[in-house]
Amino acid sequence: MLTQEQVARFHADGFVKGGRVLSDDEVDELRAEMERVIAERERAEQPQPVLLSNLGTDERPIWQIVNIWQASKPFARLTGNQRITEELAQLMGAKELRIWHDQIQYKPAEQGGLLHWHQDAPLWPILAPMTQVTAWVALDDVDESNGCMSMVRGSHTWGDRIDYLHSIRDNPVLPQTYDGKPVEVVLRPVAKGEVHYHHSLTWHGSHGNTSNRPRRAIALHVMGEDTRYVASGEHVMKRFVTVPDGELMTDDAFPVVLSRA
């Protein structure tokens, strides 16, 4: 479990680093599975993730995989990792957690491109309220040279600002202030096998991989028992939702990963 100081830091900053949650053997297994799923993306006889695409260019790719847990048993086990789910519940004050989706972003050595400043929750308009939290698990040592995340301290308290962030997509350098508030950008290096947590409204992004090392990680996005469906929104996962508009997200496509009596 996280310490009370870590929980307080999360609520103040919108992010906090946890500890080590995977052994070296578990990391090696997940790396191999990631490579297998990418290599077998054209094979109809193999279970496939919901989405597998290149967010970058052919020269500077960023491989994105959504719901690799549906294509890989080791990644399915990871969604229920007890330490991760207990700590997520601790940060959210939740009694039940469901996996919203997972997402891999893989920046190959010397060619993985940048990921622009964004917030997660506004990109998920079929969910309300915007209280989701992400567990970001590093499968490599991730630092400034190979494209670690940067986050803006306290930005999760500023509400939905995705339109503003989209308006500055071509400028990776944020202003010193926003709406009278200081913009403090914090680099978030994470060691292999460690977990980092962030709120779904926290401003974050990552620069390119200029090192000779890959940058592989998986984000586990979870929702609490109070999350409801907003039918007017659009998202790739919408086709799996079966509950009526305004009802709790209890679909089997989003399985429970933690439940407390």
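My entries below go from strands to loops to pockets.

**Entry 1: what I am looking at**

I note first that this is a predicted model. I number residues from 1 along the chain, as its sequence is written.

I started with β3, which covers residues 63-66. Are its faces covered or open? Both faces are covered. W63 and I65 sit on one side, and Q64 and V66 on the other. I found all four of them buried.

Next I looked up the partners of β3. I reminded myself that strands of a sheet pair through backbone hydrogen bonds, either parallel or antiparallel. β2 pairs with β3 in the antiparallel sense, over 4 bridges. One detail I wrote down is that L52 has I65 of β3 as its bridge partner.

Then I turned to β4, residues 96-107. β3 and β4 are joined by 4 bridges and run antiparallel. Here Q64 stands opposite Q105 of β4. I marked both glutamines, as I meet them again in the pocket entry: Q64 and Q105 are among the residues nearest the centre of the largest pocket.

**Entry 2: the open sheet**

In what order do the strands of the open sheet of 4 strands come? I read β5-β13-β8-β11, with antiparallel pairing. β5 (115-118) and β11 (185-188) stand at the edges. Each has a single partner strand, so one side of each is left without a neighbour in the sheet. From one strand to the next, the twist averages 20 degrees.

β5 pairs with β13, residues 204-206, in the antiparallel sense over 2 bridges. H118 stands opposite H204 of β13.

I looked up E40 next. It lies in the loop between α2 (24-39) and β2 (51-54). Is E40 buried or exposed? Its relative accessibility is 15%. The cut-off for buried is under 20%, so E40 counts as buried. Leaving out residues up to four places away in sequence, E40 touches Q46 and Q48.

P61 sits in the loop between β2 and β3. At 8% relative accessibility, P61 counts as buried too. I also looked up a distance for P61. The C-alpha atoms of P61 and P108 are separated by 7.2 Å. Along the chain, these two residues are 47 residues apart.

Which residues have a positive phi although they are not glycines? I wrote down N67 and D179.

- N67 has a phi of about 60 degrees. Its place is the loop between β3 and α3 (73-79). N67 is buried, with a relative accessible area of 1%.
- D179 has a phi of about 50 degrees. It lies in the loop between β9 (177-178) and β10 (181-182). D179 is exposed, with a relative accessible area of 57%.

I also found a cis peptide bond, from A128 to P129. Its omega is near -5 degrees. P129 belongs to the loop between β6 (127-128) and β7 (133-138).

**Entry 3: the largest pocket**

What is the volume of the largest pocket? I read about 630 Å³. Its lining has 32 residues. Q64, Q103, Q105, H118 and L123 lie nearest its centre.

I then asked which strands supply the lining. β3, β4, β5, β13 and β14 (215-224) each supply at least two residues. The largest share comes from β14, with 5 residues. By class, the lining divides into 16 nonpolar, 13 polar and 3 charged residues.

**Entry 4: the second largest pocket**

The second largest pocket has a volume of about 220 Å³. It is lined by 16 residues. Nearest its centre are W117, P172, G205, S206 and H207. β5 gives the most, with 3 residues. I sorted the lining by class and got 9 nonpolar, 6 polar and 1 charged.

**Entry 5: looking back**

I traced β5 through several entries.

Conventions: This is a predicted model: local features need pLDDT of at least 70, side-chain atom pairs count only at pLDDT 80 or more; totals for chains, interfaces and linings use all residues. Side-chain values use heavy atoms; hydrogens and water are left out. Buried means under 20% relative accessible area, exposed over 50%, partly exposed in between (1.4 Å probe, protein chains only). Contact means heavy atoms within 4.5 Å. Two strands pair if DSSP finds at least two bridges between them. Axes are lines fitted to C-alpha atoms, for helices over the stretch in contact, and angles run from 0 to 180 degrees between N-to-C directions. On a 1 Å grid over the protein atoms alone, a cavity is a set of points where a 1.4 Å probe fits but cannot get out, and a pocket is an open set with protein on both sides within 12 Å along at least five of seven lines; lining residues have an atom within 4 Å of a point. Grid points are joined across faces, edges and corners, and a volume is the space filled by probe spheres set on the points. Ala, Val, Leu, Ile, Met, Phe, Trp, Tyr, Cys and Pro count as nonpolar, Asp, Glu, Lys and Arg as charged, and the others, Gly among them, as polar.
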